[in-house]
Amino acid sequence: MDGNKRPSKPTSQEKKLKQNNDKPETIDDTIIPIKELTLYSVNWCILGKVVNKTQLKTFENSRNAGKYFSFVMADNTSEIKITAFGDQCDKYFDQIMEQKNYKIKYGTIKDTNKTYSTINHDYEININSSTVIVESPENITIVETNLAKLNSIPDHQIGTIVDVIGIIKYCEDANTITTKDNKTKTKRDITIMDDTATSITITLWEAEANNYNPIPSNIIMARKLRIISYQGLKLSTTAATTITINPQIPESDQLRNWYQQHNTNEPIQLSSALYQHSYLYKINYEEITKLANLTLTTNVIATITAILQSTFYNACPNTICKKKVEKPYCENCKANIIMQRKMVLTMKLTDATCSIYVKVFDEEIQKLLHINANDLEQLSLNDKNKYNLKINTIILTKWSFKIKSTINTYNETTSISNKIISLDEITSPTYIHNLKHQIDTLTKLTK
Ligand SMILES: [Zn+2]
């Protein structure tokens with residue numbers, strides 16, 4: 001077939017390209033950066049290095065059967081996936097080789113399916129009958145990594161593929177979970193932080209979860225992670241992810257220096273809620289029912305605008321149990337206990353979008369009011385004025401809340417029940433950092 005002609009073919013086309021630059025029917029020499037290729041590009045020609053090529057694969061469905069292969073071409077701006085089907089495989093499968101450079105002109109540009117693609121480009125190319133591919137002798141530098149700062153993660157769409165580098169702050173043990181389709185998978189969550197004082201969780205899956213035992217304060221560089229939204233913004237490994245621990249690159253030194261300075265001095269308290277906060281209006285039936293476990297966890301910054309009710313009760317002192325009890329015996333623990341007085345408040349939270357009612361429990365109330373259940377109950381029974389004064393100290397104060405929302409059905413009426421899982425003071429360094437990030441984002445939008 002084409003095999004014998006192959007070595008001479010690119011050279012002749014290459015010459016034609018240089019000599020007949022003015023004639024429209026030949027390859028246009030104007031190369032556009034791969035990053036700039038869009039659905040609206042006309043007469044485009046890209047030049048890049050093939051960094052990855054698949055085997056020839058076959059597919060079969062009810063309507064037809066066929067073969068295809070794909071390759072990834074990179075230049076110094078980006079990378080793109082190119083796929084050939086059927087006859088085009090015969091034409092190009094042998095011609096395209098990894099580490100060689102090609103010029104490609106014409107082809108069908110289509111949207112990338114971000115759910116599956118690990119290539120960081122909004123579009124990909126299908127080779128069609130008018131596609132022209134010629135080998136090019138040019139020396140090409142390609143993007144090796146495109147390290148994203150962690151504070152820029154919220155600026156990307158969910159599903160985007162990113163490369164990151166960070167200091168490992170926390171590391172969970174690997175554990176096995178059962179997926180919805182009844183498969184078992186190993187996962188391990190690690191939390192990293194970079195010199196923007198932002199932290200994010202990376203979920204390592206399968207081989208990555210087993211193969212790496214990340215040690216806190218080590219540096220991790222991970223390429224081709226996907227941005228996901230699961231209980232906040234996170235990064236997740238993909239089939240294409242590569243991980244390097246303590247990479248020998250200038251960014252590592254930079255990060256280590258930054259970390260030493262900021263860790264010995266006053267460590268910047270990271271609250272992921274500040275960076276990945278949502279809004280109260282997002283707590284609704286539609287959002288909750290989308291989730292398999294019907295439980296929505298939301299991080300918000302909101303103001304306490306009213307306290308509606310306080311209730312006091314006895315509970316099991318066992319910190320794992322904490323069950324409500326009526327007598328000094330816990331059915332759950334099957335043990336005699338010393339009952340502990342606990343409290344629960346119903347309060348109204350408000351942000352720029354709306355208000356909701358939430359329940360807040362004992363430990364979190366102590367963080368808010370600096371008073372225990374016994375003392376607050378005494379005030380509520382004996383000195384209503386003092387009780388109100390105490391309660392009012394938190395009205396119109398702003399906090400960072402983590403709220404768990406579920407749907408309750410009782411007597412055929414459904415309602416959303418919101419509980420506060422944790423709350424944090426908005427400390428000034430993080431608050432200022434968060435504001436700076438919001439300003440940066442807004443500045444980018446106005447440019
Ligand atoms: Zn108990």
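Predicted model: local features only at pLDDT ≥ 70, side-chain atom pairs only at ≥ 80, totals over all residues.
Residues are numbered from 1 along each chain as its sequence is written, and side-chain values use heavy atoms, with hydrogens and water left out.

Let me start with the metal. The zinc ion is held by the SG atoms of Cys316, Cys321, Cys330 and Cys333, at 2.2 to 2.4 Å, where a donor is an N, O or S atom within 2.8 Å of the metal (3.2 Å for Na, K and Ca), and since water is not among the atoms, sites may look incomplete. Along the sequence, these donor residues follow the spacing C-x4-C-x8-C-x2-C. The angles among the four donor atoms run from 104 to 114°, and the site is tetrahedral, a label given to four donors if all angles lie between 85 and 135 degrees. Cys354, by contrast, is partly exposed at 27%. The structure holds zero disulfides, a disulfide being a pair of cysteine sulfur atoms within 2.5 Å.

Helices (H or I, at least four residues) and strands (E, at least two) are DSSP runs, numbered from the N terminus. Directly after α7 comes His370, whose phi is positive, near 50°.

That brings me to backbone angles, where most residues other than glycine have a negative phi. Tyr106, which is not a glycine, has a positive phi of about 65°; Tyr106 sits in the loop between β5 (101-105) and β6 (108-111) and is partly exposed, with a relative accessible area of 31%. Leu396 likewise is not a glycine and has a positive phi of about 70°; Leu396 lies in the loop between α9 (384-392) and β20 (398-410), and at 66% relative accessibility it counts as exposed.

Finally, the salt bridges: how many does a search of the whole structure find? The search finds eleven, each being a side-chain nitrogen of Lys or Arg within 4 Å of a carboxyl oxygen of Asp or Glu. One of them joins the side chains of Lys67 and Asp90 at 2.7 Å, N to O, and this pair links distant parts of the chain, with Lys67 in strand β3 (residues 65-74) and Asp90 in helix α2 (residues 87-92), 23 residues apart. Another pairs Glu364 with Lys367 at 3.6 Å, N to O, both in helix α7 and three residues apart, about one turn of the helix. Glu364 is buried at 12% relative accessible area, whereas Lys367 is partly exposed at 39%.

How values were computed:
Tetrahedral: all angles 85-135°; square planar, octahedral: opposite > 155°, others 65-115°. Buried < 20%, exposed > 50% of the residue type's maximum accessible area, 1.4 Å probe, protein only.
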